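Reader: I would like to learn how to read a structure like this one. Please take me through it feature by feature.

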Amino acid sequence: MRDNPLLGLTVIIVPFSLLSIGGGPSIFAPLQREVVDVMQWITAREFIDLFSIARVAPGPGAMLTTLIGWKVGGWAGAIVATLAMFLPASILTLMVARVYDRYRGRDWHTALEAGLAPVAVGLIFAGAISIIRLSGNSMLTWAAAVGAGAVLTLRPKLHPFVMLFAGAALFVVAEIAGFWPIAAP
Amino acid sequence: MSDTPPRVPLRDIFRVFFTVGASSFGGGVTGWMHRITVGQKGWLTNEKFLAGLALGQVLPGANVSNMAVYIGQVLRGPLGAIVALGAVLTGPFFLVIAVATLYDEAIKIPFFHSAMDGIAAAAVGMVLRMGTMGALHGCRKAAPAVIAFGVFVAIGILQWPLAPVALVAAPLSVALAWPRGRRQGGLDA
């Protein structure tokens with residue numbers, strides 16, 4: 001596997017794809033062990049840098065594997081690592097979604113749809129908290145998030161880009177004014 | 001069943017998911033997907049979206065890619081799922097490599113980190129909006145409200161691992177939502 005990085009990437013990443021319940025964060029620790037300690041493809045420092053790059057760039061955090069592939073095998077490595085990360089889980093989701101769709105109208109389907117919704121709502125708010133926690137957990141972040149939510153509710157046609165840009169502008173102004181960044185409590 | 005929504009062109013699916021993927025800075029992407037596919041395009045109902053979101057979170061894989069597969073499948077079957085998945089990943093694939101190439105320079109841009117923090121905060125606003133809509137639609141009764149709050153506290157506040165929480169909460173919630181033949185001893189007993 002050390003001689004053929006593309007094969008190595010596939011063999012290592014495919015199982016992680018099928019274990020990544022809750023997305024990328026659940027596999028980052030074992031992934032680090034595998035690519036840093038076992039395969040020694042990259043150093044621990046590089047892994048941390050790639051992790052923060054994947055957070056800054058658009059797309060799911062699991063795109064970290066794309067960067068590992070890119071480090072290990074250039075463009076071919078990036079493509080192989082991305083497919084290895086996203087295809088197995090996506091195929092599983094597609095199969096479940098197809099079965100799920102076929103039984104529309106049945107009792108258990110209705111129950112599943114009504115029963116999963118509150119679980120999703122709880123996870124959505126938990127996700128919001130975790131993003132806020134990662135970005136400093138400050139009053140300003142909370143105020144901006146709640147404010148953005150309120151504006152989006154009042155203006156359903158508003159493009160999300162406008163909101164994201166306004167958020168960036170607000171925090172840049174806050175930095176100029178000396179309110180940001182605040183040390184996390 | 002013939003309650004299929006109007007056929008959405010694959011081109012439109014690609015355009016929407018490409019845009020969402022390529023501009024999903026700072027997380028909160030599913031909030032944006034909800035806003036466009038449910039709110040603006042009316043491609044699927046709120047309930048259907050939330051069911052997909054819960055499935056996507058319980059199954060392995062990133063929420064973003066699982067939601068793309070789910071919505072694509074709902075709209076146009078497997079072909080729709082492939083188009084949506086490809087579209088949502090193409091932008092980030094090149095952008096994440098571009099950022100990796102430019103990272104050392106990018107962090108020297110004045111206000112770079114503050115702008116990123118602001119984008120993340122606004123993205124959380126979209127997530128809050130999605131959660132509020134979901135709560136208003138699906139959590140008006142006591143049992144679903146308790147389930148939603150319990151999941152939020154377990155995952156969001158106590159930071160328990162997702163898998164065991166979902167394995168307890170999801171079957172319980174589904175059992176409580178069963179239309180008939182409900183077993184005795186429910187929460188409202």
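Reader: How many helices and strands are there in chain B?

Author: This is a predicted model, in which local features need pLDDT of at least 70, side-chain atom pairs count only at pLDDT 80 or more, and totals for chains, interfaces and linings use all residues. Residues are numbered from 1 along each chain as its sequence is written, chains are lettered from A and ligands numbered from 1 in the order in which they are written, and side-chain values use heavy atoms, leaving out hydrogens and water. Helices (H or I, at least four residues) and strands (E, at least two) are DSSP runs, numbered from the N terminus. Chain B has seven helices and zero strands.

Reader: What is the size of the interface of chain B and chain A?

Author: Interface size is often given as the accessible area lost when the parts come together. That buried area is taken with a 1.4 Å probe and summed over both parts. Chain B and chain A bury about 7,900 Å² between them, with 77% of it on carbon and sulfur atoms. Pro60(B), Phe93(B) and Val96(B) supply 8% of the area that chain B buries against chain A, more than any other three residues.

Reader: How many residues does each chain bring to the contact?

Author: Contact means heavy atoms within 4.5 Å. By that rule, 85 residues come from chain A and 90 residues from chain B.

Reader: How many salt bridges and polar contacts cross the interface?

Author: A salt bridge puts a side-chain nitrogen of Lys or Arg within 4 Å of a carboxyl oxygen of Asp or Glu. A polar contact is a pair of N or O atoms within 3.5 Å; within protein, one must be able to donate a hydrogen and the other to accept it, and residues adjacent in sequence count only if both atoms are side-chain atoms. Between chain B and chain A there are zero salt bridges, and nine residue pairs are in polar contact (both at pLDDT 80 or more).

Reader: Is Asn66(B) buried or exposed?

Author: Buried means under 20% relative accessible area, exposed over 50%, and partly exposed in between (1.4 Å probe, protein chains only). Asn66(B) counts as buried because its relative accessible area is 0%. This residue lies in helix 4 of chain B, and its side chain reaches the backbone oxygen of Pro60(B) at 2.9 Å. Leaving aside neighbours within four places in sequence, the contacts of Asn66(B) include Ala89(A) and Thr93(A).

Reader: Why does Ile91(A) count as partly exposed?

Author: Ile91(A) counts as partly exposed because its relative accessibility is 45%. The residue sits in helix 4 (residues 64–102) of chain A.

Notes:
Buried area is the accessible area (1.4 Å probe) that two parts lose on being put together, summed over both.
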